[in-house]
Amino acid sequence: MAQISQYDHAEALVDGAHEVFGFHPGYRALHADGRIYRGGFRALPIARQYTRAAHLQGDLIPVSVRFSKGGGNPDAPFGATVGMATRFYLPNGRTTNLVMLSQLLFPARRPEDLIEAIGLAAPAEPGGPLNKAALLPFLKDHPEVAEVLRMRAAALAPTSFAHSEFHAVHVFRYLNADDTVTNVRCHWIPQAGVEGRPAEELAALSREVLLDEFDERLRDGPVGFDLVLEIGRAGDPLDDPTTLWPADRERVTVGTLQLTAPVTPGELGDPVMNHDPTKVTDGIELNDDPILQARRGVYEVSAAYRTGGWHTCPFARHYE
């Protein structure tokens with residue numbers, strides 16, 4: 001597999017998000033506003049056919065899930081894009097993450113394309129409207145970006161996290177005990193069924209409406225999701241998050257998630273809670289997708305910005 005830098009574009013991407021949404025100290029550059037919930041995940045026996053990953057062998061695995069609104073302004077209303085970042089707490093004391101959106105695709109194939117688009121569309125002044133006119137020539141030259149943006153603009157907004165599907169926009173390589181590789185796309189499917197509403201209807205409600213609704217819903221009992229793998233075939237694109245696979249690809253339910261109560265980062269012992277989607281475990285590998293490869297650096301830069309900046313070695317002065 002090609003060696004793609006995870007850090008070359010990190011600062012530019014995070015700074016670009018701040019140009020669009022503003023810099024909000026203490027908050028993530030994207031998906032700034034969210035809450036965390038705890039629960040458990042259990043894989044079905046069929047999961048072992050595809051992967052030897054520890055959390056997909058059938059044991060009950062503790063999890064935390066951060067639901068979030070899209071965008072980097074924590075005071076903005078909810079829109080059609082929301083996030084679901086799941087952390088699995090593995091039996092060996094380590095963790096792995098599975099990060100998904102309520103959208104099927106990501107609006108860029110390469111970090112360079114995303115940086116260019118952000119630069120063109122950035123507001124003339126903080127908090128101002130996007131410069132959509134300046135973006136039009138870029139969209140003409142990048143029809144895949146234009147199509148993803150069109151899909152997102154037409155998407156319904158959530159009525160509840162509990163009624164939302166979530167999708168990992170990247171492909172992952174699953175390896176089973178025999179080292180057989182299966183390329184998969186992952187989806188969380190709500191057990192309560194999928195519902196939606198016009199984005200403008202949601203935007204008119206309180207900025208915490210979906211989070212408050214989910215807190216209230218959990219008082220009546222757990223909320224469940226099924227983990228579904230979309231199985232790739234030969235020739236399916238593996239490194240392009242702007243492209244869907246054909247609709248006839250096999251889908252296999254490999255586990256169930258039950259969320260039970262809110263939890264804080266302090267209770268979890270991790271005040272930063274960096275949900276890096278490239279933090280995988282044995283039995284799951286990354287592919288050559290440039291956007292996926294770049295995300296580790298982006299998450300680290302964003303975490304540094306919201307925790308007071310990069311930190312030097314605490315004993316460096318002893319070597320001056």
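Buried means under 20% relative accessible area, exposed over 50%, and partly exposed in between (1.4 Å probe, protein chains only). I kept that beside me for these entries.

**Setting up.** I am reading a predicted model, where local features need pLDDT of at least 70, side-chain atom pairs count only at pLDDT 80 or more, and totals for chains, interfaces and linings use all residues. Residues are numbered from 1 along each chain as its sequence is written, and side-chain values use heavy atoms, with hydrogens and water left out.

**Aromatic rings.** I searched the whole structure and found 11 aromatic pairs (rings of Phe, Tyr and Trp, its six-membered ring, with centres within 6.5 Å; planes under 30 degrees apart are stacked, over 60 edge-to-face, the rest tilted). Tyr37 and Phe67 have ring centres 5.9 Å apart and planes at 55 degrees, so I noted the pair as tilted. Tyr37 sits in strand E1 (residues 34-43) and Phe67 in strand E2 (residues 60-69), 30 residues apart; strands are DSSP runs of at least two residues, helices (H or I) of at least four, numbered from the N terminus. Phe67 is buried, because its relative accessible area is 0%.

Next I looked up Tyr37 with Phe214: their centres are 4.9 Å apart and their planes at 75 degrees, so this pair is edge-to-face. Phe214 belongs to helix H6 (residues 209-218), 177 residues from Tyr37. One aromatic cluster includes Tyr37, Phe67 and Phe214.

**A serine in a loop.** Where is Ser160 placed? I found Ser160 in the loop between strand E5 (157-158) and strand E6 (166-167). Ser160 is buried, at 0% relative accessible area.
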